[in-house]
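Reader: I would like to learn how to read a model of this kind, one feature at a time. Could you take me through some features of the one shown here?

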Amino acid sequence: MKPYIEEPKTSRRFDLIDRIYAQCTVEDRGFETECYVYQGSVTGQTGRGAGYPVVSVDGQTVRAHRVVFMCIEGFMHSKRQVDHKCSVRRCVRYSHLQSVTQKQNCLLRDQKNGVKRRKRKRSSKTNISNNTTTGKVKPHSQYSCTTTS
């Protein structure tokens, strides 16, 4: 149940991953490979951020799937999010996680849920009109620009 390449266990990163994976069960949730479902503490029971696994690292509570991802990948930009390819919030298997932007995460979520989004139409806040009698806009070639020197 170790998705990383075996290296000498001198790094604290592998201790964190082993600590998290020790609290997991392997379950088939319909994805390509089995999920490592975390059985420890999770965030709340209701709301948008509910159901994510959490672990304490140096006295701070952080999400377990982010810890696993950053221990293997290293630095992750603060504007990036960790997405579950398998759509299981409690899954902490490294091969099921990917780094995405918030926009990509929303698009992937909608795609998984079968939601089709339309592009927003820009609302014209100003009425551009240079012909007061007909209300039509002149083509660009009919504008004349003069400069003063």
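Predicted model: local features only at pLDDT ≥ 70, side-chain atom pairs only at ≥ 80, totals over all residues.

Reader: Which residues of helix α2 are buried, and what covers them?

Author: An α-helix has 3.6 residues a turn, so residues three or four places apart point the same way. In helix α2, which spans residues 64-73, the buried residues are Ala64, His65, Val67, Val68, Phe69 and Cys71. The cover over these buried residues includes α1 (12-21), β3, β4, β5 (81-84) and β6 (97-100). Just after α2 comes Gly74, which takes a positive phi of about 95°.

Reader: How many bridges join β3 to β4, and do the strands run parallel or antiparallel?

Author: Strand β3 (residues 54-57) and strand β4 (residues 60-63) run antiparallel and are joined by 4 bridges. Val57 stands opposite Gln60 in β4, and the hairpin has 2 residues between the strands, with Asp58 taking a positive phi near 55°.

Reader: Where does Gln104 lie, and what is its relative accessible area?

Author: Gln104 belongs to helix α3, which covers residues 102-113. Its relative accessible area is 37%; buried means under 20% and exposed means over 50%, so Gln104 is described as partly exposed.

Reader: Which backbone atom lies 2.8 Å from a polar atom of the Gln104 side chain?

Author: That atom is the backbone nitrogen of Thr101.

How values were computed
Residues numbered from 1 in each chain as written. Heavy atoms only, no water. Buried < 20%, exposed > 50% of the residue type's maximum accessible area, 1.4 Å probe, protein only. Polar contact = N/O pair within 3.5 Å; in protein donor to acceptor, adjacent residues only side chain to side chain. Pairing = 2+ DSSP bridges. Contact = heavy atoms within 4.5 Å.
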